[in-house]
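Take a look at the model below.

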Amino acid sequence: MSAELILKLVIGALVAVLLAVGAWWARKHPNRSKEYPEQVRLPKVVPFIGWLFFVFGLLMSLVSFAYAPSPLGARITAVAILLGGLAFVLMYRNWYVAPRAHEVAFRTVLGKEHVVPYSDIAHYRVQVMKGQPILTVKSVNGAKLSLNIRTFDVTPLMTAIDFHKVTGRWPARTDVVGGSPGAEKYPSGN
């Protein structure tokens, strides 16, 4: 083995370990809003990548538009990278999910806010995509929430889904569900 091949393998292994540790840390420490701690936001790597792309796209744009013989493809690529970085930053700024005892509040990537009481859920499904469990919830008024339940802690929502599977109805505000005080003593809230 040459020294170059060994160096490539070591660097590849180091990057893989760093990515695995970063993913583990992000799952153990969800990114909560400082102002509203119930809101779970996207991982902090999203705005980091967004700002990185934005700055890189801005520099590329300055060079490609200032340099006269630059090809049209370079200008289009620079603007696309700049807009992609801006999209990542806005996506991080807008999106959150806040599961509560009897409803789930969330804001979409485009900034539209929804509050879906569990009793208004028309359809839910957990499916595995690329080895990750993805929960999709649709309300009677058309609001749709889709997220990875390993990445985002939606325990109150999953408890309500379990309640629905057992009883055939969604928990009412008077029902004590899950780990709430008295749940084992008074499962129906009576």
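This is a predicted model: local features need pLDDT of at least 70, side-chain atom pairs count only at pLDDT 80 or more; totals for chains, interfaces and linings use all residues.

**Salt bridges**

Side chains of opposite charge can pair when their charged atoms come close. The structure holds four salt bridges.

| Pair | N to O distance |
|---|---|
| Glu4 and Lys8 | 3.6 Å |
| Glu38 and Arg100 | 3.0 Å |
| Arg107 and Glu113 | 3.5 Å |

Start with Glu4 and Lys8. Both residues belong to helix α1, which spans residues 3–28. They sit four residues apart, about one turn of the helix.

Glu38 and Arg100 form another salt bridge, with N and O 3.0 Å apart. This pair links distant parts of the chain, 62 residues apart. Glu38 lies in the loop between α1 and β1 (40–41). Arg100 lies in the loop between β2 (96–99) and β3 (103–107). Glu38 has 36% relative accessibility, so Glu38 counts as partly exposed. Arg100 is also partly exposed, because its relative accessibility is 25%. The pair is part of a network of salt bridges that links Glu38, Arg100 and Glu103.

How does the burial of Arg107 compare with the cut-off, buried or exposed? Arg107 has 14% relative accessibility and therefore counts as buried, since buried means under 20%. Its salt-bridge partner is Glu113. Glu113 is exposed, because its relative accessible area is 51% and the cut-off for exposed is over 50%.

**A nonpolar patch**

Which residues form a nonpolar patch on the surface? They are Met1, Leu5, Ile6, Leu9 and Val10. Together they have about 520 Å² of accessible area. Leu5, one of the patch residues, lies in helix α1. Leu5 has a relative accessible area of 39%, so Leu5 is partly exposed. Helix α1 also holds the pair Glu4 and Lys8.

**The sheet**

Strands of a sheet pair through backbone hydrogen bonds, either parallel or antiparallel. Here, four strands make an open sheet in the order β1-β2-β3-β4, with antiparallel pairing. Strands β1 and β4 (113–117) stand at the edges. Each has a single partner strand, so one side of each is left without a neighbour in the sheet. β1 pairs with β2 over two bridges, in the antiparallel sense. Arg41 stands opposite Tyr96 in β2.

How values were computed:
Residues are numbered from 1 along each chain as its sequence is written. Side-chain values use heavy atoms; hydrogens and water are left out. A salt bridge is a side-chain nitrogen of Lys or Arg within 4 Å of a carboxyl oxygen of Asp or Glu. Buried means under 20% relative accessible area, exposed over 50%, partly exposed in between (1.4 Å probe, protein chains only). Patches are made of residues with over 30% relative accessible area and no salt bridge: like charges are joined within 9 Å, nonpolar side chains (Val, Leu, Ile, Met, Phe, Trp, Tyr) within 5 Å. Accessible areas come from the Shrake-Rupley method with a 1.4 Å probe; for residues, only the protein chains shown count as cover. Two strands pair if DSSP finds at least two bridges between them.
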